[in-house]
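I opened this entry to get my bearings in a structure I had not looked at before.

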Amino acid sequence: KMAEGSAAEAPRLAELLATGWRLWEEVEAGTEPSSSAPAVQDKVRRGLEALQQAAAMVAQLELFSENEELEEIASADLRYLLLPALLGALTLRQAGQGQRLEHLESARRHLARFLRLCKAYGLGAFTLPAEAPAPDDGPAPPAGLVAMASARQAKIERYKQKKELENRLASMKTFVESGQADDDQMREFYLLQIQKWINISLEEIESIDQEMVILKNRGTIKQSSAPPHGTSRQVRAPLKPFILTRDAAQAKVFGAGYPGVPTMTVDDWYEQRRRQGVMPGQSIPQRTPGVNDEELQKKQQEKKEEEDDEEALQKARNWDDWKDTHPKGYGNRQNMG
């Protein structure tokens, strides 16, 4: 089918694919301590640019169609089926502050497209992965023993197949790249590459789905724990325990009985809360300039003593009045004299 397209674009397309593929292999085999190193990210960027240009050319040339059979694809064109897989693999290697979820979603779309294309051509016996999980889905429910054993066996088979494929591809790679392979050998080589990338894509999508659930749930938790925009809580000192009384007389009685717990009248409590800005009321009286805390406490103590003296004097007067109208022994029924 390449002959049906633009013959001039064929070398350019092959060059773009080769460049992107080579850069991906260099990234995978790199010795940099971190994938976010500038040298690594430069290769990732250049590799993605080359592969994206190649993918655009493949779409323009309409190399592949779901209505055709695998045998209708030219052997040299089979390699271009790998474009979305390579795009997904390089997208996963992208670094960026706060862009991990975006990269995961983009890589998953590329890998899923590659698997759908392979499924349409009957390449490989595998089950297409389900849609990406939502954050509310959470971790998958625990599977039964039979399902777990089956999944484990499938991974073991994939690992064995992967090793066998790598050995066969390594023995054919130099022969094919040197141009000495015939059409059948070239076809076998690219079909083995496609099978290898099917296994890689299935494993990558499984890892992507697990990481996406973690990132999405983490974002949901942060949003739910954050306070509403524009609101702030006022932190107030905790109230110390005290006994609330109706008046000063009760305050003295309770204070004598509970020396460890302070007493406070309703009026005093209201005044204290009003000063703290909790209760409505008049504005807080400003302190007189020049009066320090010691003088203020002294004045308050003198005022309290005066109030106590007046109260004691009033009680004495009331007692004298009561004695004038009640003779001695009044009310004492046992004193018969």
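I looked up contacts by sequence separation and found that, of the contacts in the protein with a separation of 6 or more, 65% are between residues 24 or more positions apart. I note that this is a predicted model.

Next I checked burial: of the 337 residues in the protein, 28% are buried. I also looked up the accessible surface, which comes to about 23700 Å². Carbon and sulfur atoms hold 52% of that surface.

I then listed the elements. The protein has nine helices and two strands. Read from the N terminus, their order is α-α-α-α-α-α-β-α-β-α-α.

Two packed helices are described by the angle between their axes and the distance between the axes, so I looked up both. The crossing of H3 past H4 is left-handed.

Which residues make the contact? From H3 I wrote down Pro84, Ala85, Leu87, Gly88, Ala89, Thr91 and Leu92. From H4 I wrote down Arg100, His103, Leu104, Ser106, Ala107, His110, Leu111, Arg113 and Phe114. Sorted by class, the contact of H3 with H4 has nine nonpolar, five polar and two charged residues.

Technical notes:
Residues are numbered from 1 along each chain as its sequence is written. This is a predicted model: local features need pLDDT of at least 70, side-chain atom pairs count only at pLDDT 80 or more; totals for chains, interfaces and linings use all residues. Side-chain values use heavy atoms; hydrogens and water are left out. A crossing is left-handed if the near helix is turned anticlockwise from the far one by less than a right angle, and right-handed if clockwise. Helices (H or I, at least four residues) and strands (E, at least two) are DSSP runs, numbered from the N terminus. Contact means heavy atoms within 4.5 Å. Ala, Val, Leu, Ile, Met, Phe, Trp, Tyr, Cys and Pro count as nonpolar, Asp, Glu, Lys and Arg as charged, and the others, Gly among them, as polar. Buried means under 20% relative accessible area, exposed over 50%, partly exposed in between (1.4 Å probe, protein chains only). Accessible areas come from the Shrake-Rupley method with a 1.4 Å probe; for residues, only the protein chains shown count as cover.
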